[in-house]
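Q: I've got a model open on my screen and I'd like to learn how to read it. Can we go through it feature by feature?

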Amino acid sequence: MKMLLASFGRDFLDSLARVGSLNVMFYRTLRSLFPPRYDREELFRQLHRIGVRSLPIVILTALLVGVIMVLQSMTYVRKTGATGFVGAGAGLAVLSELGPSLIGLMFSGRVGANAAAELGNMVVSEQVEALRALAIDPIRFLVAPRFVAIVTSLVLLTVVGDLCGLVGGAMACHWLLDIDWRTFVAGLMEVELLDDFIVGLVKAAAFGGVISTVSSNYGLTVSGGAQGVGRAVNGCVVTTALGIFIADYVITWVWFQI
Amino acid sequence: MSTGQTIDPKRPVVQVRGLTHRIGGRRILDDVSLDLHAGEVVGLIGPGGSGKTQLIRCLVTLTWPSRAELRLFDKPVSLLRRRHLRECRSRIGLQFQNFALFDYLDVWNNVAFPLLHARGMTRADADGPVRKALERVGLAGTEEKLPAELSGGMRRRVAIARVMAAAPSFAVFDDPVAGLDPVNSAKIMALLKDYARSAESLVVVATHDLERLLPITSRVVAVFKGRIAYDGPTHDLMSTAPDEVRRFVAAALSGEADPELDEAPGGRGAS
């Protein structure tokens, strides 16, 4: 019992330390963004690796989200004949909630885990120490370009994902429900979706901040060689998913208040 | 190519007094005091685990010792503001024991890294020193290769070229010849001596390969169990050094293990 309590206490203190460390990392990253003196080559490298290479997986995810949304509503629509609501329902779900959340989670698995592993390997092989030895701040050189690239990419990919989600929904309507795509678009137009689109982008930016901060923090605090890198990637994936849901809840709550 | 800052040869580049460093309650370095001057080639020797690498890390400000009075380039490090500490570090070159090459950059960019990012040179200006350094270490023509495409020995030479290209006022080479064949080891050691002479820098070399180290050094600092066991001219080493140092040197030169030492020299990296 004593050992169980001790283990629980240790985990609790470790979690508190991690939350503190994440806040410090977020603050230092924001501070290193201004004035924008980070390495441009590194920024473009990250934008290509993170943004461009994530495009296919984001398009596929978003198309499937649109299709699934329409499929979910199939029974209700067939029963009631409320075909005009399919577009509105799919649009609301895709733009404000499912689009940014699922793309964010997919992105965190692909990009966040990769960034944590890459930075962790740089720590293990003393590349981060080499930067410090050269008087180069690792946060400014390594973290800031990743932060900008992840946030920018996720916002832009969410725009693309929103569009693909709606296209997926329209295609599912046409082929699976036999509803004309014009009915789907008309349903979309009937409801005011600009606010939902904007809140979706705000969420995407926040999720990008979470993914970048968590992955950089886990990566740069690796200790214990290759095993440590594995632990960091694991911890990063779990913490990022949790962070995305917390950020989603907070933004949604604030949005409904204003 | 130099850092562009002159050093008064009478003033030590590195001055350290009473350096003590603990890790997890264990005393790794104990009351170390040293004065190192420009133009000196200092051999840092000692058995594995004696504290050489930790001493190097403290001297180049990568590790803050538990207690010390450290002056670099005649400035007290503890009082330096962040900007001045950056300036100070940009005058130091460290070749890491594990190379610490950036694996996503090719050889040219690795060697040019300090020039581009710490000194703010353009790529065109950096090209000359980079190619010259690569030529010196025998790696001309490998500019576009990634570190993963090179052998361990070649990667070590790239790490050495990175230090040489930047021509720092204080250069530290941590185990520069480990993993190199005898011919390349001799070449690298000769290069280091030549480099020290031409750059008028302070050069510190830590290695277990004493056979090649001693001929190029003017001074030897022996670290045993975290303490300075000998600090003096190389030519006096075998006549005035304490017994344990002489035994260690003799064992290292003959290639035999000294049973009284914790670890046989040459068995692992200079730590």
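Q: Which residues form a nonpolar patch on the surface?
A: Keep in mind that this is a predicted model. The patch is made up of Leu242(A), Ile246(A), Tyr249(A), Val250(A), Trp253(A), Val254(A) and Ile258(A), and together they have about 770 Å² of accessible area. To place one of them, Ile246(A) sits in helix α9 of chain A, residues 225-257.

Q: How many helices and strands does the secondary structure of chain A come to?
A: Nine helices and zero strands. Reading along the sequence, you get α-α-α-α-α-α-α-α-α. As for dimensions, the C-alpha atoms of chain A fill a box of roughly 65 × 55 × 35 Å along the principal axes.

Q: At what angle do helix α1 and helix α8 of chain A pack?
A: The general idea is that two packed helices are described by the angle between their axes and the distance between the axes. Here, α1 (residues 2-33) and α8 (residues 194-220) of chain A pack at about 110°, their axes being 9 Å apart. That angle makes α1(A) roughly perpendicular to α8(A). The crossing, where α1(A) passes α8(A), is right-handed.

Q: And how far apart are the axes of α4 and α7 in chain A?
A: For α4 (residues 84-124) and α7 (residues 181-190) of chain A, the axes are 6 Å apart and the packing angle is about 60°. That makes α4(A) oblique to α7(A). Their crossing is right-handed.

Q: What does Lys203(A) form a salt bridge with?
A: With Asp248(A), and the closest N and O atoms are 2.8 Å apart. Lys203(A) is in helix α8 of chain A and Asp248(A) is in helix α9 of chain A, so the pair ties together parts 45 residues apart in sequence. Over all chains, a search of the whole structure turns up 21 salt bridges.

Q: Let's go to chain B. What is the order of the strands in the open sheet of four?
A: First, the general idea: strands of a sheet pair through backbone hydrogen bonds, either parallel or antiparallel. In this sheet of chain B the order is β2-β1-β4-β5, with antiparallel pairing. Strands β2 (26-36) and β5 (75-76) of chain B are at the edges with a single partner strand each, so one side of each has no neighbour in the sheet.

Q: How many bridges are there between β1 and β2 of chain B?
A: Seven, in the antiparallel sense, with β1 covering residues 14-23 of chain B. For an example, find Val16(B): its bridge partner in β2(B) is Leu34(B). β1(B) also runs antiparallel to β4 (residues 67-72) of chain B, joined by five bridges. There, Gln15(B) stands opposite Arg71(B).

Q: Which residue takes a positive phi in the hairpin of β4(B) and β5(B)?
A: Phe73(B), with a phi near 50°; the hairpin has two residues between the strands. β4(B) and β5(B) pair antiparallel over two bridges, and Arg71(B) stands opposite Pro76(B) in β5(B).

Q: What is the pairing in the open sheet of six strands in chain B?
A: Mixed, with the strands in the order β6-β7-β8-β3-β9-β10. The edges are β6 (92-95) and β10 (227-233) of chain B; each has a single partner strand, so one side of each is left without a neighbour in the sheet. Neighbouring strands here are turned by 15° against each other on average, ignoring direction. For a parallel pair, look at β3 (residues 41-45) and β9 (residues 219-224) of chain B, which share four bridges. Leu44(B) stands opposite Val221(B) in β9(B).

Notes: Residues numbered from 1 in each chain as written. Chains lettered and ligands numbered in written order. Predicted model: local features only at pLDDT ≥ 70, side-chain atom pairs only at ≥ 80, totals over all residues. Heavy atoms only, no water. Pairing = 2+ DSSP bridges. Patch = residues over 30% accessible without salt bridge, like charges linked within 9 Å, V, L, I, M, F, W, Y side chains within 5 Å. Areas by Shrake-Rupley, 256 points an atom, 1.4 Å probe, with all protein chains shown as cover. Salt bridge = Lys/Arg side-chain N within 4 Å of Asp/Glu carboxyl O. Axes fitted to C-alpha atoms, helices over the stretch in contact; angles between N-to-C directions. Parallel < 35°, antiparallel > 145°, perpendicular 65-115°, else oblique. Left-handed = near helix turned anticlockwise from the far one by under 90°.
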